[in-house]
Amino acid sequence: MNIGIVGTGYVGLVTGVCLSAIGHTVYCVDNDREKLKTLRKGIATIYEPGLQELMTKQIKKKKLFFCETIKEASKKSLVIFIAVGTPSKKNGDADLTYVENVARQIALSMDSYKLIVEKSTVPAATGRRIENTIKVNLPKKFKERGHNVPFDVASNPEFLREGSAIADFMNPDRVVIGVESKKAEELLKEIYKPLKTRIVVTNITSAEIIKHASNSFLATKISFANALSQICDKVGADILKVTEGMGYDKRIGPSFLNAGIGFGGSCFPKDVDAFIRLSEKSGYDFNLLKAVRLTNEEQKAAFVRLIEDKLWIIKGKKIGVLGLAFKPNTDDMRNAPSVDIITRLQAEGAKIKAYDPQAMDQAKKIFKGMTFCQNVYAVAKDSDCLVVLTEWDEFRQVDFKRLKNVMRQPMIFDGRNLYKNDHLDDLGFEYFGIGRGVV
Ligand code: UDX
Ligand code: UDX
């Protein structure tokens with residue numbers, strides 16, 4: 001099937017490459033000229049393990065194309081996925097300006113039946129607004145033919161985790177499709193048939209809610225674990241054992257119970273905000289989710305307080321930071337906890353040195369007055385302490401003896417419990433994890 005993808009970011013590019021890999025012919029488009037130029041040279045514009053290789057393969061097989069305009073991509077496609085950004089507004093609402101703009105452009109170039117699919121995470125009832133935008137902007141000839149307009153709208157939310165997005169696409173727990181017509185249902189079932197996975201069919205609004213609810217529930221699990229970690233530190237319990245003991249209960253499950261410095265990324269913070277706002281506007285005060293958000297903010301503040309408490313004077317101290325991206329295996333810095341934490345430490349006069357295996361280019365656009373190093377040991381050299389903010393595998397294979405020798409003092413604050421099993425105390429470090437009950 002010929003498929004269009006509008007928006008080639010972390011969601012759109014992965015979706016387009018993977019849809020072509022399961023047999024479809026995919027036409028991607030993006031309004032960022034620089035990004036499009038790079039993509040047309042066959043170069044992936046984001047870091048995602050395996051993406052560049054798969055993209056190169058699909059371009060070679062003539063199953064993946066990058067078009068100049070929405071009109072071009074739309075004319076070549078039967079189904080068009082909208083995967084443009086839905087950033088948060090100041091009040092927490094999702095900004096749907098881009099989504100509306102794309103819907104309008106698809107309508108204006110409509111020359112035959114199209115299925116327009118929401119891939120971007122959007123608040124409930126957005127599907128109806130997209131439908132209306134298209135109706136209003138259809139070329140005259142369709143309006144003259146009366147109300148049987150040549151399109152359907154559907155919702156098909158993504159559940160891709162950055163760093164494992166291709167695997168998540170190819171082995172989904174489920175595909176969710178929100179449809180209002182049999183034709184739309186059949187087209188989407190055909191698209192995902194090669195994946196041989198469970199397909200949840202519902203209406204558009206329910207599909208939109210499934211996405212927000214899933215991300216919000218995962219964020220709730222994380223905040224619950226983080227709240228527990230604060231209690232563990234105060235009562236002398238070990239969060240790792242607590243969450244291990246909880247996780248064997250099939251009703252709870254072990255995943256997304258890792259306490260740390262909180263959730264970041266372009267999804268959880270934005271989707272929690274948007275879901276709270278959507279609920280408020282629908283007449284429900286989502287206090288539970290507000291507490292999840294507050295707990296996430298408090299977790300970062302508690303980590304900074306721990307550093308202040310143990311390092312004593314922050315002003316003038318050299319703090320070495322390992323990891324900047326919001327999670328490992330990505331270069332994505334959006335809402336990374338490192339931004340808040342480093343900003344607070346710099347405000348207190350700390351001198352920050354940092355290294356991240358993938359996110360340095362993105363980080364250089366965000367942080368000012370920071371020294372960017374090329375490896376762990378350069379960060380550790382003459383530092384008064386090390387602070388782990390992203391649990392990259394690369395940081396697991398360090399020579400602790402060498403680390404200790406180059407540091408001004410052997411003190412480590414582990415925001416992701418990366419070194420939970422390395423017994424750093426026995427190696428002469430002052431080690432502080434999250435929720436290990438040793439504070
Ligand atoms: C983001 C959120 O992460 C995701 O939760 C939401 O569902 C969609 O928005 P992501 O792919 O991460 O998805 O966003 P981003 O990396 O910003 O990519 C959006 C792309 O759309 C960008 O490449 C941008 O240039 C492009 N775009 C934006 C258009 O092509 N047209 C527009 O009008 C606006
Ligand atoms: C998330 C959802 O998992 C995915 O289904 C959705 O499509 C997009 O949003 P992503 O944001 O890419 O994916 O990464 P994820 O692995 O979910 O981590 C999100 C944040 O939570 C990261 O900052 C991570 O460090 C944090 N996290 C995750 C924890 O703090 N503890 C955990 O146990 C898991």
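## Domains and helix packing

In this predicted model, the centres of domain 1 and domain 2, taken over C-alpha atoms, are separated by 35 Å. Domain 1 covers residues 2-202 and domain 2 covers residues 269-432.

**Contact between the domains**

- The contact draws on 17 residues from domain 1 and 15 residues from domain 2.
- Between domain 1 and domain 2 an area of about 1,300 Å² is buried, and carbon and sulfur atoms account for 47% of that area.
- On the side of domain 1, Tyr-10, Tyr-47 and Glu-162 contribute 42% of the area that this domain buries against domain 2, which is more than any other three residues supply.

**Helix α12 against helix α13**

- Helix α12 (residues 268-282) and helix α13 (residues 287-311) have axes that come within 10 Å and cross at roughly 155 degrees, and α12 and α13 are therefore roughly antiparallel to each other.
- The crossing in which α12 passes α13 is left-handed.
- From α12 the contact takes Val-272, Asp-273, Phe-275, Ile-276 and Glu-280, while α13 provides Leu-289, Lys-290 and Arg-293.
- Sorted by class, the contact of α12 with α13 comprises 4 nonpolar and 4 charged residues, with no polar residues.

**Helix α10 against helix α12**

- Helix α10 (residues 204-235) packs with α12 at an angle of about 115 degrees, and the axes of the two helices lie 9 Å apart.
- The crossing of α10 and α12 is likewise left-handed.
- Residues of α10, including Ile-209, His-212, Leu-218 and Ile-222, meet residues of α12, among them Phe-268, Val-272, Phe-275 and Leu-278.
- The contact of α10 with α12 divides into 10 nonpolar, 3 polar and 2 charged residues.

**Helix α10 against helix α13**

- The axes of α10 and α13 are 9 Å apart and the helices pack at an angle of about 45 degrees, which makes α10 oblique to α13.
- Here too, α10 passes α13 in a crossing that is left-handed.
- The contact involves Ser-216, Ala-219, Thr-220, Ser-223, Asn-226, Ala-227, Ser-229 and Gln-230 of α10, together with Leu-289, Val-292, Thr-295, Asn-296, Gln-299 and Ala-302 of α13.
- By class, the contact of α10 with α13 holds 5 nonpolar and 9 polar residues, with no charged residues.

Key
Residues are numbered from 1 along each chain as its sequence is written. Chains are lettered from A and ligands numbered from 1 in the order in which they are written. This is a predicted model: local features need pLDDT of at least 70, side-chain atom pairs count only at pLDDT 80 or more; totals for chains, interfaces and linings use all residues. Side-chain values use heavy atoms; hydrogens and water are left out. Axes are lines fitted to C-alpha atoms, for helices over the stretch in contact, and angles run from 0 to 180 degrees between N-to-C directions. Helices (H or I, at least four residues) and strands (E, at least two) are DSSP runs, numbered from the N terminus. Angles under 35 degrees count as roughly parallel, over 145 as roughly antiparallel, 65 to 115 as roughly perpendicular and the rest as oblique. A crossing is left-handed if the near helix is turned anticlockwise from the far one by less than a right angle, and right-handed if clockwise. Contact means heavy atoms within 4.5 Å. Ala, Val, Leu, Ile, Met, Phe, Trp, Tyr, Cys and Pro count as nonpolar, Asp, Glu, Lys and Arg as charged, and the others, Gly among them, as polar. Domain bounds come from an automatic or database domain assignment. Buried area is the accessible area (1.4 Å probe) that two parts lose on being put together, summed over both.
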